[in-house]
Amino acid sequence: MMKRALVSVSDKRGLVEFVQGLVRNGYEIVSTGGTKKTLDLAGIKTFGISEITNFPEIMDGRVKTLHPNVHGGLLCVRDNPSHMKELLENNIELIDMVVVNLYPFKETLKKENVTHEELIENIDIGGPSMLRSAAKNHKFVTVCVDPSDYPNILNEIEQKNDTTIETKSRLAAKVFRHTAAYDSMISNYLTEKSGEEFPEVVTLTYEKAQDLRYGENPHQNAAFYKNNFVGYSLANSQQLNGKELSYNNIQDTNAALEMLKEFEEPAVVAVKHMNPCGIGLGDNVYMAWEKAYSADPISIFGGIVATNRTIDEKVAEEMSKLFLEIIIAPNYTEPALEILKAKKNLRVLKLDMNQEIKNKNKLVTIADGALIQSMDLAKIDLKDLQCVTDIKPTEEELKELLFAWKVVKHVKSNAIVISKNGQTLGVGAGQMNRVGSAKIALEQAGKLSKGAVLASDAFFPMADTVELAGEYGIKAIIQPGGSIKDNLSIEECNKHGIAMVFTGTRHFKH
């Protein structure tokens, strides 16, 4: 008996050549809509779906393949006599192969100014149904959703007159991954549109961007996946030079970009182990770079540098003097790129930082579970600050306090940041008690602490951090407030002539 393939695709890459190969190997072709037109124009004989269902395509093509003559031919268990008997009694013919890819919902979702109605019309119904029927019955039916599988399918048919059960199984698994991802995109879109923040079930879908050499450590395996959004994120950057990104590179660079998003003025962020080792603001990128580098010229070694301005030749020359793992910027001048590319292992990334920031939720996995929370996008300005001390901060100190507050938000708790003139001077991160983080930050800043400001991601449970800050000459402090012992910190500030403001917002980062 001649075998039958049902072909209906939106992605027509390699379609004609593949179907010609099927015809050479004894397949008759059933097709629909635009796919049939493409094959007819190529001179390939096809049967329209209506010739199989004896029913017209109706409702603008919404209903065409949802028919027993299609799904009976796909789902029939061929070594089950009763199935075969019912097939014959109902004049249904077997379908041996399904080649289907779905309406381009993902591509439509990415379009600018796309309407809800347009997205709804790009939700495929018949396609997933055929794919699922064929994949369920993959013992007997070959199912293909990806044009990249065409060559292997044809090769096996030409050599063995059919695809192997191993190939059928692999393709079936791919189909269910594909339809699951497709449904996930649709459900996430409709969930977001309906305003549900944390629905009863969450299904996320990511596509593999690359396999990684290893994970956090050499004995761990890893891969990098990205979602379907095009926005201000590392996943949408372009690598211009250097080795492949590693697991730790990706983590650190993502952390650097999250910090960079806090600033509109020229800024340079240097990161080590997902904590800032230096952040600088300036009138231009060179000034910002000098501050970020001089903030901690030791820790920046082997670090990640991110900036929100074009890197020119002057900045590139300075950066090239150091061992850096990654530089990421919105653009580079040609001379700057030439300088940086001279270091063959330096990873140079380019990212459009004018794109929308689309990541609204953060997911963290735990053993057999996950935590999802909204991103910490809380911002404060001058009107949100409450001065609680006798001495009031100056206008310049208030500006500096807001800078330090933006930085401390991205430092692992317990977190303390010392800054002056738009430059971090000391960063204390991840200690088990707050005064421990303060000691690290103040010792790093040293004599430069005099006249600087201090930011704390959470309140002071006692007065010891303020006492230490006073010893180093800190002039102003910003912290959330809210401790039952706030009065002790306030009194200690008054004792040392330190201005202190409360934000009312905490920034724990675990």
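This is a predicted model: local features need pLDDT of at least 70, side-chain atom pairs count only at pLDDT 80 or more; totals for chains, interfaces and linings use all residues.
1. From H8, the residues Pro128, Leu131, Arg132, Ala135 and Lys136 meet Ala172, Val175, Phe176 and Thr179 of H10. H8 covers residues 126-136 and H10 covers residues 165-194; their axes come within 9 Å and cross at roughly 150 degrees. Angles over 145 degrees count as roughly antiparallel, so H8 is roughly antiparallel to H10. The crossing of H8 past H10 is left-handed.

2. H8 also has a sheet to lie on. This helix lies across strand S1 (3-8), strand S4 (97-100) and S5, and runs at about 145 degrees to S4. The sheet itself is open and has five strands, in the order S3-S2-S1-S4-S5, with parallel pairing. Strand S3 (47-48) and strand S5 (142-144) are its edge strands, each pairing on one side only.

3. S3 pairs in the parallel sense with strand S2 (residues 27-31), over two bridges. Within this pairing, Ser31 stands opposite Gly48 of S3. As a reminder, strands of a sheet pair through backbone hydrogen bonds, either parallel or antiparallel.

4. Setting aside neighbours within four places in sequence, the residues in contact with Arg4 are Tyr27, Glu28, Val30, Ile52, Glu93, Leu94, Ile95, Asp96 and Met97.

5. Helix H1 (residues 15-24) packs against helix H9 (residues 150-160) at an angle of about 10 degrees, and their axes are 10 Å apart. The two helices are therefore roughly parallel to each other. On the H1 side, the residues that meet H9 are Leu15, Glu17, Phe18, Gly21, Leu22 and Arg24; on the H9 side, they are Tyr150, Ile153, Leu154, Ile157 and Glu158.

6. Some backbone details deserve a check in your viewer. Asn161, in the loop between H9 and H10, has a positive phi of about 70 degrees although it is not a glycine. Asn161 counts as exposed, at 51% relative accessibility. Asn54 also has a positive phi, near 55 degrees, and is likewise a residue other than glycine. Asn54 sits in the loop between helix H3 (49-53) and helix H4 (68-75), and is exposed with a relative accessible area of 64%.

7. Another backbone point is a peptide bond: the one from Ser413 to Asn414 is cis, with omega near -5 degrees. You will find Asn414 in the loop between helix H15 (395-408) and strand S17 (416-420).

8. Ala267 belongs to strand S9 (residues 267-272). This alanine is buried, with a relative accessible area of 0%. Not counting residues up to four places away in sequence, Ala267 touches Leu260, Gly280, Leu281, Ala288, Ala306, Thr307 and Asn308. Gly451 is 184 residues away from Ala267 along the chain, and their C-alpha atoms are separated by 22 Å.

9. Now to strand S20 (residues 476-479). Which way do its side chains point? Ala476 and Ile478 point one way, Ile477 and Gln479 point the other way, and all are buried. In a regular strand the side chains alternate between the two faces of the sheet.

10. With strand S19 (residues 453-456), S20 pairs in the parallel sense over three bridges, and Leu454 stands opposite Ile477 of S20. From S19 the chain passes through helix H17 (residues 464-471) to reach S20, in a right-handed β-α-β crossover. Strand S21 (residues 499-502) runs parallel to S20 and is joined to S20 by four bridges. Here the bridge partner of Ala476 is Ala499 in S21. S20, helix H18 (residues 486-496) and S21 also make a β-α-β unit, and this unit is right-handed.

Note on methods. Residues are numbered from 1 along each chain as its sequence is written. Side-chain values use heavy atoms; hydrogens and water are left out. Buried means under 20% relative accessible area, exposed over 50%, partly exposed in between (1.4 Å probe, protein chains only). Two strands pair if DSSP finds at least two bridges between them. A crossover is right-handed if, with the strands pointing away from the viewer, the path from the first strand over the helix to the second runs clockwise. Contact means heavy atoms within 4.5 Å. Axes are lines fitted to C-alpha atoms, for helices over the stretch in contact, and angles run from 0 to 180 degrees between N-to-C directions. Angles under 35 degrees count as roughly parallel, over 145 as roughly antiparallel, 65 to 115 as roughly perpendicular and the rest as oblique. A crossing is left-handed if the near helix is turned anticlockwise from the far one by less than a right angle, and right-handed if clockwise.
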